[in-house]
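Please have a look at the fold before reading on.

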Amino acid sequence: MSQNSLETLVAIEAIKKLKYTYLRAVDTHDWALLESTLTEDCSARYDGGKYSFDDRKQLVSGLKGHMDSPQVLTMHNCHHPEIDIIDGSTASGKWYLQDLVFNKEQNWMLFGTAIYTDHYRYSEGEWRICHTEYERIMETINAPIPSTLSFTHNMFEKK
């Protein structure tokens, strides 16, 4: 294996870890961790632009505004990564998203799938997301949350 091939594989693995960290930060409401995965000028267009943000501060604040409640529980899974290293400091990727959202305050739940398209930038020894967006493949919303569905644990509610 050539040095260039090895560097490409190392970069791809670092970008996978970055995306997984981004998703975990969203689901655990770890806004400082989320911020660390994004460039300062990061932009986002979620759900075909329905939710749009033009920099890191807007993006973190926007997600926090929608999700920073103990009554909002989410699961975001991305898989099937297709990552292309463009050069030593830029890359792009496509991911298959599967998400599940429970909003207990507003009494609805969502299940959906989408395709993420990301752009990444390498600087100061780390890859970060500089643009992210997704287009929905499908989405279902169930309201009210069925009364037979019980939550046996919620990490945000302290006992």
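Predicted model: local features only at pLDDT ≥ 70, side-chain atom pairs only at ≥ 80, totals over all residues.

The protein has three helices and six strands, and along the sequence they come in the order α-α-β-β-α-β-β-β-β. Its radius of gyration is 17 Å, close to the 15 Å that the globule rule gives for 159 residues, so the protein is as compact as a globular protein of that length. Along the principal axes, the C-alpha atoms fill a box of roughly 60 × 30 × 25 Å.

How does the chain pack within that outline? Of the 159 residues, 40% count as buried. Among contacts between residues at least 6 apart in sequence, 56% join residues at least 24 apart.

Now turn to strand 3 (residues 72–85) and strand 4 (residues 90–103). These two strands run antiparallel and are joined by twelve bridges, with a hairpin of four residues leading from strand 3 to strand 4. To find your place in the pairing, look for H79, whose bridge partner in strand 4 is Y96.

Finally, what about the cysteines? The count of disulfides is zero. C42 is in no disulfide, and the nearest cysteine sulfur, that of C130, is 6.9 Å away. A disulfide needs sulfur atoms within 2.5 Å, so the sulfur of C130, at 6.9 Å from that of C42, is too far for a bond. C42 counts as buried because its relative accessibility is 0%; C130, at 15%, counts as buried too.

Methods: Residues numbered from 1 in each chain as written. Heavy atoms only, no water. Buried < 20%, exposed > 50% of the residue type's maximum accessible area, 1.4 Å probe, protein only. Pairing = 2+ DSSP bridges. Rg over C-alpha atoms; globule rule 2.2 N^0.38 Å. Contact = heavy atoms within 4.5 Å.
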